[in-house]
Amino acid sequence: MELIGRRRFLAASLGVAGVAVLGACSNDGSDGSSGSDGGGAGASGTGPIAAGAAGLVAEDAYGARIDRYLAAATTDDVDPGNPVSIATHLIAAHRDPDHEWSASSVTVDSLADVWQQIDDWEDTRDFRFVYFHWMLGLADGKAPSTTLDPDVVAAIEQRMVDNRYRYDDPLPDDRIDNLWFWSENHRILGLVGEYLAGQRLPDETFTITGLTGKEHVARSKQPILDWIDERARFGFFEWHSNVYMKKDIEPLLTLIAFADDPEVVQAATMAVDLCVLDLAGHDHASVYNASRGRTYANDKTNAIEGTFDVFKLLFDDTDLDHRQGADAAASFFAGTDGYRPPQVLVDMATAKDPGVVRERHGIFVDGSVPVTENPKAPYGYDFDDPA
């Protein structure tokens, strides 16, 4: 994926009007450099955004919104069996040295149900690995509030080494892998979990593949960039999903926060801009007001649905309070000091006048054409290529 920079990428996504809106912004890495676009709290990446970066939401206003969210998300003490709750308290502790929480309650035993899900190779374990990268990345031990039990850290790292990351990795004869590998969100979740595990443990030999961590980084980088390129070309197959858009956002923010490679950080930052553009174009009072590809009953029957905390944090366009408790996507926005949303997207979300959104999601298939024995794959793809 060519690194065209956030401003040019977003302008292209917005169309002609976007070029005019964003044209006055100063250089933010649009020459292909990472600029100020990466590395979050506790990251080993490229560092936080420079103060006063042009075109982005003002840091003071955005910081105030983060503080309000974190106050609601950490009203209750940590749930020591919930990695999102643990990560959110670590984020709050990095942001506020006076934040108090029961870090010592997080033990190997408290996470027993999570270990069981992972050890049994159950579905959605890829969610947990993304959450684990926040726990590991923020547990720097500089204060009691940012310290985790070394046994917990070791247990996470061992499971990263033992995990099966891909559908075509070797499958032992006595195992069944229940993970759903195929959908849009699972693809990026699995790739990010693999990439960051390899980055953290570069010299370890991973159990299933026999590859080293460095080799896992190498084999997952290009597929991550390809996934981001596909979203730019085709939009979201799980379009406007108030469940699965968050599952795209979470691994991308995790890359921005913790990836070492500026190319990966830059691409992930542009992809998050694309996600936020999608949210902004369909926002009404912090409700994701659009048709959607995948959702569940609770999100269809409740206006305070799955993306509410994200919308309120990003756009601040409702007087309703944040829900109490941690939301992974909102927490990772709060914890990633390498990302602030472009102001133009906030303006779009909060505009009072009616607007028109023209968009495309997925690949058109003409069902009326004759069936042939050797159909040609669209957009340069190849039906005989497993990738």
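I counted two cavities of 30 Å³ or more; on a 1 Å grid over the protein atoms alone, a cavity is a set of points where a 1.4 Å probe fits but cannot get out. The model is predicted, local features need pLDDT of at least 70, side-chain atom pairs count only at pLDDT 80 or more, and totals for chains, interfaces and linings use all residues. Residues are numbered from 1 along each chain as its sequence is written, and side-chain values use heavy atoms, with hydrogens and water left out.

**Second largest cavity**

I noted a volume of about 60 Å³ for the second largest cavity; a volume is the space filled by probe spheres set on the grid points, which are joined across faces, edges and corners. Its lining (residues with an atom within 4 Å of a point) consists of Arg 125, Asp 126, Phe 129, Asn 163, Arg 164, Tyr 165, Leu 179, Leu 189, Gly 190 and Gly 193. Helix H6 (125–138) and helix H8 (184–200) are the elements that give two or more residues to this lining; helices are DSSP runs of H or I with at least four residues, strands are runs of E with at least two, and both are numbered from the N terminus. By class, I recorded four nonpolar, three polar and three charged residues. Ala, Val, Leu, Ile, Met, Phe, Trp, Tyr, Cys and Pro count as nonpolar, Asp, Glu, Lys and Arg as charged, and the others, Gly among them, as polar.

**Largest pocket**

I then looked up the largest pocket, with a volume of about 1300 Å³; a pocket is an open set with protein on both sides within 12 Å along at least five of seven lines. It is lined by 35 residues, of which Trp 182, Arg 187, Glu 230, Pro 386 and Ala 387 lie nearest its centre. H8 and helix H9 (213–234) each supply at least two lining residues. The lining divides into 19 nonpolar, three polar and 13 charged residues.

**Second largest pocket**

The second largest pocket holds about 1100 Å³ of space. Of its 38 lining residues, Ser 13, Leu 277, Met 348, Val 357 and Arg 358 lie nearest the centre. Among the elements that each supply at least two residues, I noted helix H1 (6–14), H9, helix H11 (262–280) and strand E1 (283–284). By class, this lining has 18 nonpolar, 10 polar and 10 charged residues.

**Position of Tyr 167**

I located Tyr 167 in the loop between helix H7 (150–162) and H8. Tyr 167 is partly exposed, with a relative accessible area of 37%; partly exposed lies between buried (under 20%) and exposed (over 50%), with a 1.4 Å probe and protein chains only.
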